[in-house]
Amino acid sequence: SREVVDFSEGLTDSELERELLLDGARAAIEALKGMRAAEGRRLGEDMLARLERLRAIRTEIAVRVEGAAERARERLIERLKKLPLGVEVDQSRLAAEVALIAERSDVSEELTRLGIHLDEFSQLLRRPGSEGKKGDFLSQELLREVNTISSKAQDAAVQHLVVDAKAEIEKIREQIQNIE
């Protein structure tokens, strides 16, 4: 009907068909662009929410490892108490062992780098035209820091938090694959 289609005067049937096809194709492309933009916004919002969850996990880990050296010292003393009677404990050696355990389990650098990578990732997602490759790289860096924390931390609660963090990072990596 004339309300739906503009029958332009002076065009042949084949020219009119071509114009109608082009108009339909343009409308479909614009609709696709709109859908992709909306999907991109939703993906970005999802990843930002996951980054916030990772920040919360990072904070929980930082709180949990805060007294790790003292807890290690207490565990070591408890083990030493179970030694046969008459065995003396060299206090300076005990202090050296506790210091060594504390140094090996220190994850402060990893927590700092994890925070930096989370900030970089958030900034990347807030910029128009985010790059998927850079997001993929940053998700690998997040995973590297979390894995190092896992290998250093001697605490079951931290290990559980690491598993949660890895799950969030994996979901982010899956979303990154959807960004062109």
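Leaving aside neighbours within four places in sequence, which residues is Glu-145 in contact with? They are Glu-110, Arg-113, Leu-114 and His-117. The model is predicted.

Glu-145 sits in helix 5, residues 132-152. Its relative accessibility is 4%, and because buried means under 20%, Glu-145 counts as buried. Other residues of helix 5 are buried too, including Gly-132, Leu-138, Leu-142, Val-146 and Ile-149. The buried residues of this helix pack against helix 1 (13-65), helix 4 (108-126) and helix 6 (156-176). Helix 5 has 21 residues, which should span 30 Å at 1.5 Å a residue; its end C-alpha atoms are 30 Å apart, in agreement.

Arg-73 belongs to helix 2, residues 68-81. Arg-73 is partly exposed. Its C-alpha lies 8.5 Å from that of Glu-97, 24 residues away in sequence.

The two residues compare as follows.

| Residue | Relative accessible area | State |
|---|---|---|
| Glu-145 | 4% | buried |
| Arg-73 | 33% | partly exposed |

Now the whole chain. It has six helices and zero strands. The radius of gyration is 29 Å, well over the 16 Å that the globule rule gives for 180 residues, so the chain is more spread out than a compact globule. Its C-alpha atoms fill a box of roughly 110 × 20 × 20 Å along the principal axes. Of the 180 residues, 28% count as buried. Among contacts with a separation of 6 or more, 72% join residues 24 or more positions apart.

The chain exposes about 12,300 Å², with 53% supplied by carbon and sulfur atoms. There are 30 positive and 37 negative side chains. The centres of these two sets lie 6 Å apart.

Note on methods:
Residues numbered from 1 in each chain as written. Predicted model: local features only at pLDDT ≥ 70, side-chain atom pairs only at ≥ 80, totals over all residues. Heavy atoms only, no water. Helix = DSSP H or I, 4+ residues; strand = E, 2+ residues; numbered from the N terminus. Buried < 20%, exposed > 50% of the residue type's maximum accessible area, 1.4 Å probe, protein only. Contact = heavy atoms within 4.5 Å. Expected span 1.5 Å × (residues − 1). Rg over C-alpha atoms; globule rule 2.2 N^0.38 Å. Areas by Shrake-Rupley, 256 points an atom, 1.4 Å probe, with all protein chains shown as cover. Lys, Arg positive; Asp, Glu negative; His and termini not counted. Charge placed at Lys NZ, Arg CZ, Asp CG, Glu CD.
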